[in-house]
Each structure stands twice: as C-alpha cells, then as structure tokens.
Amino acid sequence: MSTNTSASAKPRGKAPAGERVADWADGRLGIYSLGKANLRKIFPDHWSFMLGEIALYSFIIIILTGVYLTLFFHPAMNEVVYDGSYAPLQGIKMSEAYASTLHISFDVRGGLLVRQIHHWAAIVFVAAMLVHMMRVFFTGAFRKPREINWVFGFLLLFLGMFDGFMGYSLPDDLLSGTGIRFMEGAVLSVPIVGTYLSFFLFGGEFPGAEVVPRFFTIHVLLIPGIMAGLLVAHLILIVYHKHTQWAGPGKSEKNVVGMPFFPVYTAKAGGFFFVVFGVIAAMSALVSVNPVWAYGPYRPDQVSTDAQPDWYMGFSEGLIRIMPGWEINFAGHTLVLGVFIPLVIFPLVLGFMGVYPFLESWVTGDKREHHLLDRPRNRPVRTGIGAAWISLYLILLVGGGNDLFATRFHLSINAITWVVRISFFVLPVLVFFITKRICLGLQRRDRDKVLHGRETGIIKRLPHGEFIEIHEPLEQGALFKLTQHEQPKPLEVGPEVDENGVEKKVGPTAKLRAKLSRGYYGEGTQIDKPTVEEYEEITSGHGHH
Amino acid sequence: MSQDMSEENLPDRPAHEGGSQVATAENPFADPGFPAHQPRRQDIDEKAARSSERTVAFLFTVSMLATLGFIASFVVIPIDKIVYIWPLGHISALNFALGMTLGVSLFAIGAGAVHWARTLMSDVEVADDRHAIAASPEVRAKVMAEFATGTGESQIGRRKLIRNTMLGALTLVPLSGVFLLRDLGPLPEDKLRHTLWSKGRLLINQNTNKPLRPEDVAVGSLTFAVPEGLEEEQHDYQEQLAKAALMIVRIQPNDIKDKKSRDWAHQGILAFSKICTHVGCPISLYEQQTHHVLCPCHQSTFDLSDGARVIFGPAGHALPQLHISVNGEGYLEALGDFEEPVGPAFWERG
Ligand code: HEM
Ligand code: FES
C-alpha cells in the first residue's frame, strides 16, 4: 500500500486487518492476480448446470463423513465375539470389521447418522454424476474444447461407481460378503490369469483375511486420491474454458453471459452446498440405508434372500443375470463366457460414453470450438443415441431386479429374463428411432412457430364463417433463438477423379466415415430451418393476423 | 485421412458470431442484443427489500436454533432409545433428532444464502469475452522454437546411445514394482480342486452340530451339513466352509432320474455342494414337489432329481455331488472328496 495511492478520504493509519492478511498472502501466493482473473468471473445460470454441483457437493460430504468413519472403523478380519449393545448379535462370532461397524451404529452417538449420510451421499453422488453426464451429452457441451474434461468426468463416474462398490464391501456383513463373492466369481472367469488374480486379490483362497483391509486402503486412499486430482482438474478446466451457455439475445460463441462469481455465484453455489448437505442429512434421519445389523456377519454358506447391490451396480447385476450360462471346455481348460462376457460388456457400454466426443467429431468432421449449447431436438441423431444408451442402462437395471419384478407383478422370472434379453438388442434401436422422430417433430414445430407465430388459444370467426386460431408473431429475441443454430451438412467423399482426371483412391474408412456422417446430418436428420425469405413471404403475404 | 474429405460442408459460423448485432430491417432473425434489465420488486421497493432481509435473517436464525437443538439432542437423548414415529416406524430417537436438526441447520443456511442472492444481490447479467483456447501462430512458433532449442542442447537426437539406454532403463524399472506385488498371495496350485471332504468323514448337521444319520433326513426337507472336524475356531474356517458346505435332500430313489446320481446317494439321500456354480452364492431355496433348488443371487435353478443340472439361469454347470454312504455305526459319511471343483468355474477347471 504505497502512500500516494491513498489519496482518498480515508484517514492515514493501518489498513483493516482483513486487507493486511490479504496483502500478506498476496506477497507470498500472488492471490491478487488470481482474484483479478476470477473474482468476477462470469457463470451462466440454468437449472441443468446445478447437476454437476450436486455431484461436487456430495463428493465433499462423502470425504467429510468418510474421514469421521475411519476414526472408528477397524478394517480387520480377525474373529471377535460381539459384546456391544445390539442384543440380537451378542455372543456371536464375527470379524472385527463387522463388530466395529455395529459399534459405530449402536455405541457411538451420531455414528449411525454419519454412516447413513456417507452411504446416502454415495448414492446421490453417482446418480448426480450420471445425470450431469447426460445433460452434458444431450446439450453437446462435450465438444471442442471440452473433450478432455468430458474424459475426466467420465473417469470420475467410473471410479465413483467402483469406489462405492468397495465401500459397500467393507462392513463384512452378509450382504457385502455376498457382493465380494460375486466379485471372486467374476475374477475367476477371466481366461488364463483369473485364478491367479483371485489368489493375489484375496491373499489366498476366498474369503481369506486380507480383502477387507486391502479394499479399505483402496476405498479411502487410492481411489479418492485419484478422484480428488481428477476433480480439481475438472474444475480448473471449467474455469479455464469458461462455462457453456444457451443461445439467446446477446449471447454468442464469443462471450459468456451471466452473474459474477463473487458475490452472486458464491452465494448461490455455496448456499446450494448447504442445501444438498441438509437434504442428505434429513434423508439419513428418515430413511435407513444398509442396516447391516439385520443381515448378520458374513458366512460363505449363508445368504440373505434379497441380495441387492446399490442401484448403480444394478446395471452389471442385470448383465450377469440375463446372460446364458455358457461354458466352453477344451483341452483341460474352461472358458467361462457366461460370466466373462458380462464382465467385458460392462466397461464397454460405459466406455462408449467415454469416447463419444471423439467419435462424433470424427464422424462430423467438426473440429471447431463450441460454446453455445445445442438444443437436443436440433441434433436428433445424437439425442437418439443418448436415449438409446439410457434405455439400455434401464433395461439392464430391470434385469438386475428381475426377482423383485417377478414377485411384485406376479410374472415368471423366465419370462422377464427373456424380455430383458430381447430388449437388450431391440429396445435401444427402437428408442433411437422414436427419439429421432420426436426431435424432428419438435423441429417442425419450431419452424411453424417462427413462420406463423405462437398459438394464442384465441379463436376468431372470419366474416365468411370460418374459425381460425389467432397466431401471435414471435418477438425478435425468440425468432433469433429458434433460428440461430447451425444445420451442418454431411461430409462427402470427394469426387472419384480429381481436376486432372486422375482417379483418387478413397479408402474404406473414408467411405465409412462419409456414410456415418450422412447418418448424422444427411437426409431425414433435420427439418430445414426457415429462411428470411420464407419468413418474409409469409408475413407479407398473409399480413399479420 | 481428412484429405479425402471435404470439410467445407460445415456451415459458416452465423453472422451474429462477432457479438451482439443490432437487429436490422433486412434480417428479422438477427440477434436483437441484450434485453433491457427488468428490475425486481426488491430493487425499487425498499419495503420488499427489507422483507427479503428479514427472511434471510430468519433462516440464518433457524439454523442457529437447529444447531443448538443438535447439541441438546446429543447430550440428552440416550443412544438406545427407540421411538415410534409415523410413518417411519420404530426408529432410533437419537439418529432421528440428530439428523433432522443437522439437516435443518444446514438447509436453512443454504436457503438463506440462495434467497439473499436471488432477491437482494444484483441480478444484472454481465458478459465476458471468450478467447480461443488454442494459442496464436506466433506463440506456437515461439514455443516450438524453444522446444527445438532445448532438445538441441540436450543432444538427445544426436546421441542415440544415451537415448536408447535411457528408454531401456525407464522401461525396465517398473518391473521391480511388479515383482513387489508377487507376495500379495500364494499361487492357486490345485487349491480350488480340493475340499475338506475325504473318505470316512462324517456329515455334521449344521443345525444340531451332530453327525447325521439317514433317518434324520426326511423327504421334502433341505438339510445343511459340514464335514466332521471343521471347527469355527480354526484359522481357515471360512475358506474351508466356502468350499465344503453341503446341501442334503431325500428323494424316492425311483424319482432320481440320473443313474450316477442315484448310485452316489444313500437310499435316496443326496449330498450336493451348496455353493452355486455361477459365481458362488450359497443356495438356500428348495421346492419339495419338483426337487428344484434356487440360488437367490441370480436365480439359477438346479434339478436335484436329475444330477443337479441347471434348468434355468446363468449358472454354467451342474452342482457337484458328493458320494456318500453310511458307516458301521449308522452315520452318513463321505466316500471321498468331490470329483470336480465346487463353486464358480475357472480357467484351469477343464
Ligand atoms: C465427481 C464427479 C463430478 C463432479 C463433482 C462434477 C462437477 C462439475 C461441475 C460443478 C461442473 C460445472 C457445472 C455444470 O455444468 O454442471 C461440471 C462441468 C462439466 N462436467 Fe462434471 N462433474 C463430475 C462428473 C462428470 C462426468 C461423469 C462427466 C461426463 C462424463 C462430466 C463432464 C463435465 C463437462 C464436459 C463439464 C463442462 C460443461 C460445460 O462447461 O458446459 N463431469 N462438472
Ligand atoms: S451365484 Fe447363483 S445364480 Fe449367480
């Protein structure tokens, strides 16, 4: 604070304490340069942009509650006799991990609450990530320059699901042990190395005494560490790229319109953290999740009848349930396809989403930056693909709960399994075409709205007796919004012969690419948006109603 | 690749790209630019603003009270108190009180902050410019040149011997890490092929902990058994149990369709592995009429009257059967180990 800048009315003397601390920090960390770039950074507002925030906040909640749980949880599988205050299990032999989970639930005040918050937050976390990913997908926010950030986000989703599964396994109750057994069976199915992987994972034969402490380290240290790194990278890239926005009056590819980070966004986003936390805390007070004491300790010869994983694993559960039990025996070996194929399909179905931005930009040849979001209807093929993917996900969830559906709706499990098997192949195709159709219908509606105005619901009788509905012309802002989007054309394989009459070689990949590109943007994939000429002809022809 | 493609098909960027363009008479679809800011009630009416202020302050106060409530609940409510709350049922009073007070204290802070931001903080939209992410050609050229200088100075291009040995060293060094993982577990050997069952071992009823006699096994019931000598105290109890657990049923010998299965039974008493051949859940549901057992995990169904073959579900092969008989004292005993590995299939199973 040099004296010649304090020419204001402020009396001389010491700056306020806050300012002095800030100056001190700036001298060491350069916070003023950071603040200059970011304090008033603009963030556009839309409800769908909050989905990522929910994921972020539930992650923070998971970390906070998780650290608390590590203070009481003992990740050990040695056998103890339970003598805590949950009467039905007193005197029963169990692993120390399970006993300490009971201790947290019944003998630590607030321990049960924190356990429930941790579990609920994990469920919300994965759900929020998935829905967030869908919003990014359907609006095309993954396009250049954001493809890498999409991949970071995708990895977060994958790791998040995986870490949830690991956490579920830690209490060593009957349900979690069943999940681990499932994992052992899946690992054993891997050709050639499966048995070795299993013995290395479990430190010998299943279940052994190693799996809980090992999963503990992976669950609380390894995966969250990687996720924290990815998350920071994800957020830095959001700030660096600046957030996408919807098209509208005054909003373009070259600007970003919204509220400054400080104070409006700080208050809204910071406040929203407390809202999410508050709701999850209340959920944990009201709805019990994973009451491990009801299942009893894990024993490999016992099972609880309604063995169900958390919802985000229901998808792999579906795959494993509908798969026929194929086993191929040859030359003294067994290829356990019935388990191994689902094990491979699971990451493939997810991985398709992970690489989608690169697929799309390859097919469309679009290598430009995009900061304006697409309305899903204006990209019918992409929207169709996304909807088809969701339908696949959902049908496998149904498959994962086939026994629940069977008992609830009095159907035979056999019938449900076959329906799911057939749907696995047919449903995504159907959903794709239906979605595409709907998108085109919506585009047609937009076109009519632009050309003929908005329906007012007011009916007018013309002098010769005909009834017509009055259409009100759109304001210019609305016209702009409905017509500003691009309508790309498909890539084409260039002429077979160049200017000099020499035949050009067109490789099969190029042909495939052109074909896919026609699928994306060729005939029947969009309704031509109205042109100024069409608009003027109609408006001047009819006159305004 | 992209040479054979005409990328010109991509449309030109719309005209409005250069920023808000004033609407013209020629183009009714042009960007009209920002709409004028509409003031909120709170912007023009101090009374409304003060009411917002009171709402926010009220919410923050609620939060403080809820936190006090949390502390009070923590101190006052005994941890084992169960209360009935409709429609939740009988639940822990402490969990309910702590969760609700914590929930309210957090939620009220959030609601207050959001309300403050929405009603009192400026809602004038501001625009920031975007800049291309990619660097300008000048910057690019400069960085490339600097990188070239760096590689030149390191001489890595010229001194191939250094480059190659360095790559070799860097490739090999992670191998140490791989070797360090070796002791994660023992080798499988043929451990998955053997269980505790052996010739002469008695079948111990899991319910009574007594050796089973044929007359203990009634038609239509499902009995679980473990090998004699398997004690809960032993260190590998869980591992042995995971392989040796048995499921015993009695079926009229005439109803047993599979000949070998009938031979391995004792007067219609059949002993099968309890561990599902799909991914290893213990099987628990028995349908007396059909002699089907169902695995609760993924609904694999096995017909015990026909060599426990799979009749439905994702399991890949029948449940292994244990050859049993009765010893001189009238107790059921095993005549050997299972002939094939129990539980999920694996590569070496064959
Ligand atoms: C730990 C999990 C995640 C957290 C905490 C998180 C958080 C966020 C937040 C707060 C935003 C900004 C607001 C928004 O647009 O919603 C964002 C944007 C973004 N996220 Fe995530 N996200 C996560 C997972 C994912 C996943 C699974 C994907 C997709 C595979 C993804 C892809 C993106 C992309 C591409 C953006 C930029 C969007 C834009 O600028 O319009 N994220 N993320
Ligand atoms: S473990 Fe028995 S059906 Fe899957």
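Between which helix and which strand of chain A is the loop that holds A:Lys242 found? A:Lys242 is found in the loop between helix H9 (211-241) and strand S4 (255-260) of chain A, where helices (H or I, at least four residues) and strands (E, at least two) are DSSP runs, numbered from the N terminus. The structure is a predicted model, in which local features need pLDDT of at least 70 and side-chain atom pairs count only at pLDDT 80 or more, whereas totals for chains, interfaces and linings use all residues. Residues are numbered from 1 along each chain as its sequence is written, chains are lettered from A and ligands numbered from 1 in the order in which they are written, and side-chain values use heavy atoms, with hydrogens and water left out.

**Backbone features**
- Most residues other than glycine have a negative phi, and most peptide bonds are trans.
- A:Lys242, although not a glycine, has a positive phi of about 65°.
- A cis peptide bond, with omega near 5°, runs from A:Lys144 to A:Pro145; A:Pro145 lies in the loop between helix H5 (111-138) and helix H6 (147-169) of chain A.
- The peptide bond from B:Trp86 to B:Pro87 is also cis, with omega near 0°, and B:Pro87 has its place in the loop between strand S1 (82-85) and strand S2 (89-92) of chain B.

**Annotated regions**
- UniProt positions are given in the numbering used here, feature names are shortened, and annotations may be inferred rather than shown by experiment.
- In chain A, an unreviewed UniProt entry lists "domain: Cytochrome b/b6 N-terminal region profile" at residues 21-247; this span is 68% helix and 4% strand, with its end C-alpha atoms 42 Å apart.
- In chain B, an unreviewed UniProt entry places "transmembrane region" at residues 56-79 and 91-114.
- Residues 56-79 of chain B are 88% helix and 0% strand, with end C-alpha atoms 34 Å apart, while residues 91-114 of chain B are 92% helix and 8% strand, with end C-alpha atoms 33 Å apart.
- The UniProt annotation "domain: Rieske" (unreviewed entry) covers residues 269-333 of chain B, a span that is 0% helix and 38% strand and whose end C-alpha atoms lie 12 Å apart.

**Interface of chain B and chain A**
- Contact (heavy atoms within 4.5 Å) joins 106 residues of chain B with 135 residues of chain A.
- The two chains bury about 10000 Å² between them, 62% of it on carbon and sulfur atoms; buried area is the accessible area (1.4 Å probe) that two parts lose on being put together, summed over both.
- B:Phe29, B:Arg130 and B:Trp347 supply 11% of the area that chain B buries against chain A, more than any other three residues.
- Two salt bridges are found across this interface, a salt bridge being a side-chain nitrogen of Lys or Arg within 4 Å of a carboxyl oxygen of Asp or Glu.
- A:Lys93 and B:Glu233 meet through their side chains in a salt bridge (3.2 Å, N to O).
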